[in-house]
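Hi,

Here is the model I promised to pass on.

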Amino acid sequence: MTVNREPKSRLRFLFINIAGAIAFLSVALGAAAQEMADHHHLVPDPATAAPVTFEGQDWAAARLKKSPRHQAWEKIKNGNREINSFIVFPEVKNKATAIVVIHEIFGMSPWVQSLTDQLAEAGYIAIAPDLLSGMGPKGGGTDEIAATGNNAVGQAIRVLPPDQITADLNAVADYVAKLPASNGKVVVAGFCWGGTQTFGFATNRPSLKAAFVFYGSAPTTGQQPNQTIDKAALEKISAPVYGFYAGNDARINATLPATTEAMTELKKKFDPVTYEGAGHGFMRAGEAPEPKAPAVTGNKEVDDKATETYQKQLTAYKANVKARAEAWARWNALLRKL
């Protein structure tokens, strides 16, 4: 009796193709997740952003855990509010300049804390306030809000009252300026959403020694799409403003010509540097682990596409690493001159 093996061959062929499709989807989704982790592009409306998690920042948490420096959480008073703030002290002999670190739109993350520790390692008192302190359903901050659902952190940050942000930052700046280990000099630095807040804070605190804006925009007036640079706000700036921008960040970079023109007209110091090839969020992405090469599936089409995606990720990663190193060196050089 002759056995018809055609159905089994067809099933085997179908199974191989299904497996290939699953592998392709896995690679594609993994690439998208890696791109988000590497760049964390800030979108105009956080309600449309991808879910916020810090699972991809284990490397930052691990680095922070190994730090020998004195780290503490301080609750700093702003009227009836308490701003939960992460502070790290340098191991230095003399009194140090203090740096207020303003987090990204993703809130108080392991990377923000790790960066704060790195600034202390460089010789500065560094403090990062969780500006979502007290805004959670039970009075908590970023972690509590993040646990309530996808996009919750971005949504919460989006509706923070501007006056509250300014008052919180002033309270934190006042606190570090008066610490016994402080020399009284205070600077501010922020990233992404925090970069924009840094520019804004420079208009509200004349005593700042410098403002370091990482891929953030200047204060504006009016409504989109007819917003213009707020020259009345910029007029209040007394500290030099240093900008750090990514070459592949058209949304933010589109604001630079008008900002530069306004600051020049007002005779305010604004020194922006753009790091070509880097993406928005390169200070964080440039510290993250290198993307891993995809596993070979045996399906040429799938493997070719996965390799192409990997090469793009690797190119972006190397550009971010380079930009981060250059920006860090520039930042430290500027800090030493204060």
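Predicted model: local features only at pLDDT ≥ 70, side-chain atom pairs only at ≥ 80, totals over all residues.

Let me start with a helix contact: Leu115, Gln118 and Leu119 in α3 touch Arg324, Trp328 and Trp331 in α12, where contact means heavy atoms within 4.5 Å. By class, that contact has 4 nonpolar, 1 polar and 1 charged residues (Ala, Val, Leu, Ile, Met, Phe, Trp, Tyr, Cys and Pro count as nonpolar, Asp, Glu, Lys and Arg as charged, and the others, Gly among them, as polar).

Residues are numbered from 1 along each chain as its sequence is written, and side-chain values use heavy atoms, with hydrogens and water left out. Helices (H or I, at least four residues) and strands (E, at least two) are DSSP runs, numbered from the N terminus.

Back to α3 (residues 110-121) and α12 (residues 300-336): their axes come within 12 Å and cross at roughly 45°. Axes here are lines fitted to C-alpha atoms, for helices over the stretch in contact, and angles run from 0 to 180 degrees between N-to-C directions. The two helices are therefore oblique to each other (under 35 degrees is roughly parallel, over 145 roughly antiparallel, 65 to 115 roughly perpendicular and the rest oblique). The crossing of α3 and α12 is right-handed, meaning that the near helix is turned clockwise from the far one by less than a right angle, with anticlockwise being left-handed.

α3 also packs on α2 (residues 58-65), with axes that come within 8 Å and cross at roughly 40°. That crossing is left-handed. On the α2 side, the residues in contact include Trp59 and Arg63, and on the α3 side Trp111 and Asp117 are among them. The classes there are 6 nonpolar, 3 polar and 3 charged.

The largest pocket holds about 1400 Å³ of space. Of the 41 lining residues, Thr196, Gln197, Ser217, Thr220 and Gln227 are the closest to the centre. The lining has 20 nonpolar, 16 polar and 5 charged residues.

α6 and α7 pack at about 80°, axes 11 Å apart, and are therefore roughly perpendicular. Gln197 of α7 takes part in that contact.

Two backbone details to finish: a cis peptide bond joins Gln224 and Pro225, with omega about 5°, and Pro225 sits in the loop between β7 and β8. Cys192, in the loop between β5 (182-191) and α7, has a positive phi near 60°.

Cheers

Technical notes
1 Å grid on protein atoms, 1.4 Å probe; cavity = no way out; pocket = protein on both sides within 12 Å on 5 of 7 lines; lining within 4 Å. Points joined across faces, edges and corners; volume = space filled by probe spheres on them.
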